[in-house]
Amino acid sequence: MLSRESSQPLTEQLAQRFVARIRDQLLVSGARLPSVRQCAQVHGVSASTVVAAYDWLVAQGWIDARPNRGFFVRDRARRIPPSTVARGVEPSPPPVDASSLIRGMFHQPSAEPQPGMGVFPPDWLDADFLSAALRKVVASPALREASLRYGEPQGDTGLRDILSSKLDSLGLHAAPGQLITTVGATHALDIISRTLLRPGDCVMVEEPGWAIEFARLQSLGVRILPVPRLETGPDLEVVERYAQRHAPKMMVSVSVLHNPTGYGFSLPCAHQLVNLAHRYNFYLVEDDTYGHMAPSHAVRLSVLDGLQKTIYVSGYAKILAPSWRVGYLAAPADLKDAFLDTKLLSTLTTPVLFEKALALCLEHGAIRRHTERLSQLLDAARSRSVKLALAYGCQFVAPPQGLFGWVDVGVDTDVLALRMHDAGYLLAPGSLFHADRRPGSLMRVNFASTQYDKFWRALARTRAQLL
C-alpha cells in the first residue's frame, strides 16, 4: 500500500509505482491500466489522486490515454523522452496542471469545499426558479415542434433579443444579429480563436491569467505572449512592444474582476489599450464571465470601442450552475458570419431548451434577484475568508474582491498543492496562472470555499512542514 507517512506525496508514490512495474515488464506494451475507480480502491486513495498520477504518466510518455477506453502502456520505442533517458533521472510529477484542475471538478479529493475550484458552492446555486423555468418551457406547445428540428444557428431569437437589451443597459450597443450563443463562455473563446488564429500566430494573454486559457491556446499551436497584469489593467508598454515586434492577431483580457487577481480596468488604461488595438490592428477579446458580480458602471473595453476591434464574451454557468452551459459572444458585424461558420462546424446549434429557459429567467427578473443574493453571500464569505487567511499568516497581493483571492502563503505552492491534495484539498497553485508554469508562493483561493477555519488550519499545518 502507499504510505501516508512518507514525505513523498501519494500522487508521486503511485506514479513511480507504475513506472517501476513498466520498467520491470510486469506491465508490458499495450497492457491496460486499472480504471480510475479500480485503482483508487486497490491503493486506498481518492480518484483525483489516480487521475493526477495517470496524467503525469501520460505527460512523461509512459502510457497513452485512449478516449472512452482507458489508459494503456505505451510501446517501448515511444516511451521515454530522450532528454529524460540521457539524464537518467525521473522528474517529479507536477502537482496540478490545467487538465488536472478540470478533472478535479469531476474527481474531487474529498467532500470538503475545494479552494482551487472556480465555481460557487452547489447549495448557493440551488434556485427553484431554474427548475420552474424549465418546466414552463417543456410544457410549451412550441417546444415539441422546436425539438424536432435543429435550433437557430445563431441561438434562440428571444434570448438574443433579451441579451441585446441587457448589453444596452451596460452601454454596449450590440444588435441581436451580432450575438451568437455558445455552450458556455469557454466555447465562445474557442470559436473566436479557431476563427481568427492559425498555428504560429501570436496572441497576447494577461499574466497571471486563466490557466485553462493558456492550455487551450497552446493546444491550437499559437505563440503566447504574456502581458503583466497590473492593478489598472495590462502593462501597456509591454503590449506596445509586442505589437511592434510580433504583430499579434489578438489579445485576451478580463477587464472586470480579473481571474485570479480581482483587478479591474482604469478608464485611462482601457482607452489606451483600445487605441493600441486600432493602431496595430489586433482584436481585443474581452472575457466578462465574472461581470455579473460587478457594478454595471465597471469599465469595459467593448463599451469604449463599440465592437470595432473588440469582441465581447460572457456566460451564465458561473452564476446559475455548471451544467447550465449557456454563453454568448457579441462580435463586430464583419466577423459574425465567420464565427457562425465555426460554431456550425463544432456544435451545429446550441441547446434550445436551456436557451429558452434562460430567456424566461432574464425576462422575469429571476436572474437579477438571484445575482443579488449571490453577491450578499459572497461578500460575507469573502470577509470571513480574508480574516482567516490573515490570521494564519497569509498575505493578499491584490485587494480582495469578487470570487477569487490572490494569496501569498510563503512556501512553494506547487509542493504545497501536492501535500494538501493528500489531505483532501485541491489547490490552484500560482504556477498554473503563468504561461511558463513559473513556481512561487502565490495561489488562487475561492472565497466561497475558504470561509472555514478547518481549511486554513490544515494549510497552516502543511505549510509548517515545508518551512
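Helix H1 meets helix H3 through Leu10, Thr11, Leu14, Ala15, Gln16, Phe18 and Val19 on the H1 side and Thr49, Val50, Ala52, Ala53, Tyr54, Trp56 and Leu57 on the H3 side. Contact here means heavy atoms within 4.5 Å. Sorted by type, the residues of this contact are eleven nonpolar, three polar and no charged. In this sorting Ala, Val, Leu, Ile, Met, Phe, Trp, Tyr, Cys and Pro count as nonpolar, Asp, Glu, Lys and Arg as charged, and the others, Gly among them, as polar. Helices (H or I, at least four residues) and strands (E, at least two) are DSSP runs numbered from the N terminus.

The model is predicted: local features need pLDDT of at least 70, side-chain atom pairs count only at pLDDT 80 or more, and totals for chains, interfaces and linings use all residues. Residues are numbered from 1 along each chain as its sequence is written, and side-chain values use heavy atoms, with hydrogens and water left out.

Two packed helices are described by the angle between their axes and the distance between the axes. For H1 (residues 10-23) and H3 (residues 47-59), the axes come within 9 Å and cross at roughly 50°. H1 is therefore oblique to H3. Axes are lines fitted to C-alpha atoms, for helices over the stretch in contact, and angles run from 0 to 180 degrees between N-to-C directions. Angles under 35 degrees count as roughly parallel, over 145 as roughly antiparallel, 65 to 115 as roughly perpendicular and the rest as oblique. The crossing of H1 and H3 is right-handed, a term for the near helix being turned clockwise from the far one by less than a right angle, with anticlockwise giving left-handed.

Next come the rings. Rings of Phe, Tyr and Trp (its six-membered ring) pair if their centres lie within 6.5 Å; planes under 30 degrees apart count as stacked, over 60 as edge-to-face and the rest as tilted. The count is ten aromatic pairs. One of them, Trp324 with Phe354, is tilted, at 5.0 Å centre to centre and 40° between the planes. This pair links distant parts of the chain, 30 residues apart: Trp324 is in the loop between strand E9 (310-315) and strand E10 (327-330), and Phe354 is in helix H15 (residues 352-363). Trp324 is buried at 5% relative accessible area, whereas Phe354 is partly exposed at 24%. Buried means under 20% relative accessible area, exposed over 50%, and partly exposed in between (1.4 Å probe, protein chains only).

The rings of Trp406 and Phe433 have centres 5.6 Å apart and planes at 80°, so this pair is edge-to-face. Trp406 belongs to strand E12 (residues 404-408), and Phe433, 27 residues apart from Trp406, to the loop between strand E13 (428-429) and strand E14 (442-446). Trp406 is buried at 5%, and Phe433 is buried at 0%. Ring pairs also link Phe18, Tyr54 and Phe71 into a cluster.

Two loop positions remain. Gly424 sits between helix H17 (413-422) and E13 and is buried at 5% relative accessibility. Its C-alpha is 8.4 Å from that of Ser46, although the two are 378 residues apart in sequence. Val299, in the loop between strand E8 (283-287) and helix H13 (301-305), is buried at 18%. Not counting residues up to four places away in sequence, Val299 touches Ser255, Val256, Phe265, Ser266, Leu267, Ala270 and Leu304.
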